[in-house]
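Welcome, and thanks for taking a look. Please open the sequence and the model below, and keep them in view as you read.

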Amino acid sequence: MQQAVLVVLALAAVALFTWWWTRRPKPAAPRPKARGVEALDTLQAWAPQPTRILTVAERDAYLALHKALPEHMLFAQVPLARFLKVPTRHSYAEWLRRVGQLCADLVVCDMNSQVVAVVEVRQPEAQESPRTRKRHARMDRVLLAAGIPLHVWMEDDIPTPAVAREALMQAPPAAIPGSPGADGLPSPRRPAPALGQESEQWEATELEEPPSSTWFDDFDSSAMPLNPTSPEAPARPTPRPRH
C-alpha cells in the first residue's frame, strides 16, 4: 500500500514538472553576431566632422552667379536624382548607382524652384583622371538628354558676373536626338526654358513636386549590368491563380 502511494506521488511530481517545463518562458534566441563592416558602430567607426560644401573656385562661381542673376535661386551640390525623374520600368536603384547620386556643382532655378541651368566648375580635362572624365561625360549626357543647359567653367577662369549673365541668358542648347544608349540613360525631355523666359513658359504649367528625401527607399531593386549584351526581354504578366 505504501509503495503504491509513493508511485502515485512520483508520477504526480513528474507530471507537475512536465507541465511547468512546457509553460515556462523560453529565453530569447541569441542574435547572430555581425561580421565585417556591419559590426562597426556608425559613429565610432566614421566619426562625423563638419566641412565646407564648396571649394574656393565653386564659391567664386557661386558669388558670380549670385550677382549675375539676382532674380533667380541658386543651389549647390544637388544630386541629379533630386531634380530629375526617370521611368522606373528598369531598376531605379541601378540608375541611382550610375548617375542619380552624382551632384551638380551649382543649379540655377527660377523663383518656382524649376531648374533652368546647371553650372559645373571643373579642372582642365588634361588634369582629370580617366574615372573623373567618365563620370563627367555621363553627367553631361544625362543633363543634355533632360534638356537642361549645362555650362562648364574652369577653376582658374571663373567669368565675371556680366559675362556669366550674358552666357546664361542665351537660348538653351537642344537635347540630343535619338533613343537612350546602352547604358540606360534617359530619353530626351522637354528642354528647360531660357533664363528670363521662365514665367512665360511655366506659369500655365502645373509643376510637379520634387522627389522627397525618402522617395528612393521605395525603389530598392536589384542591379543591372552596365553593358547588356542583348536587349532586355519584355516582362511577362504574372498569371493569376485559378479558383
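Here is a short briefing, grouped by topic.

This is a predicted model, in which local features need pLDDT of at least 70, side-chain atom pairs count only at pLDDT 80 or more, and totals for chains, interfaces and linings use all residues. Residues are numbered from 1 along each chain as its sequence is written, and side-chain values use heavy atoms, with hydrogens and water left out.

**Overall layout**

- The protein chain has 8 helices and 4 strands, where helices (H or I, at least four residues) and strands (E, at least two) are DSSP runs numbered from the N terminus.
- Starting at the N terminus, the order of elements is α-α-α-β-α-α-β-β-α-β-α-α.
- Of the 243 residues in the protein chain, 28% are buried; buried means under 20% relative accessible area, exposed over 50%, and partly exposed in between (1.4 Å probe, protein chains only).
- The protein chain exposes about 17800 Å², and carbon and sulfur atoms supply 57% of that area; accessible areas come from the Shrake-Rupley method with a 1.4 Å probe, and for residues only the protein chains shown count as cover.
- Among contacts (heavy atoms within 4.5 Å) between residues at least 6 apart in sequence, 73% join residues at least 24 apart.

**A nonpolar patch**

- L16, F17, W19, W20 and W21 form a nonpolar surface patch, with about 640 Å² of accessible area together.
- Patches are made of residues with over 30% relative accessible area and no salt bridge, with like charges joined within 9 Å and nonpolar side chains (Val, Leu, Ile, Met, Phe, Trp, Tyr) within 5 Å.
- L16 belongs to helix α1 (residues 2-23) and is exposed, at a relative accessible area of 57%.

**Strands β3 and β4**

- Strands β3 (residues 115-122) and β4 run parallel and are joined by 5 bridges; two strands pair if DSSP finds at least two bridges between them.
- One of the residues in this pairing is E120, whose bridge partner in β4 is V152.
- Strand β4 (residues 150-154) has H151 and W153 on its covered face, and L150, V152 and M154 on its uncovered one.
- Together, β3, helix α6 (residues 130-145) and β4 make a right-handed β-α-β unit: with the strands pointing away from the viewer, the path from the first strand over the helix to the second runs clockwise.

**An enclosed helix**

- Helix α5 (residues 92-100) has 7 of its 9 residues buried, so it is largely enclosed by the rest of the structure.
- Those buried residues are Y92, E94, W95, L96, R98, V99 and G100.
- Their cover includes β1 (73-79), α4 (80-83) and α6.

**Salt bridges**

- The structure holds 5 salt bridges, each a side-chain nitrogen of Lys or Arg within 4 Å of a carboxyl oxygen of Asp or Glu.
- R165 pairs with E71 in one of them, the closest N and O atoms being 3.0 Å apart.
- That pair links distant parts of the chain, 94 residues apart: R165 is in helix α7 (residues 161-168), and E71 is in the loop between α3 (56-68) and β1.
- R165 is partly exposed at 31% relative accessible area, and E71 is partly exposed at 33%.
- E120 and R122 meet in a salt bridge (3.2 Å, N to O), and both residues are buried.
- R122 also meets D140 in a salt bridge (2.8 Å, N to O), linking strand β3 to helix α6 across 18 residues of the chain.
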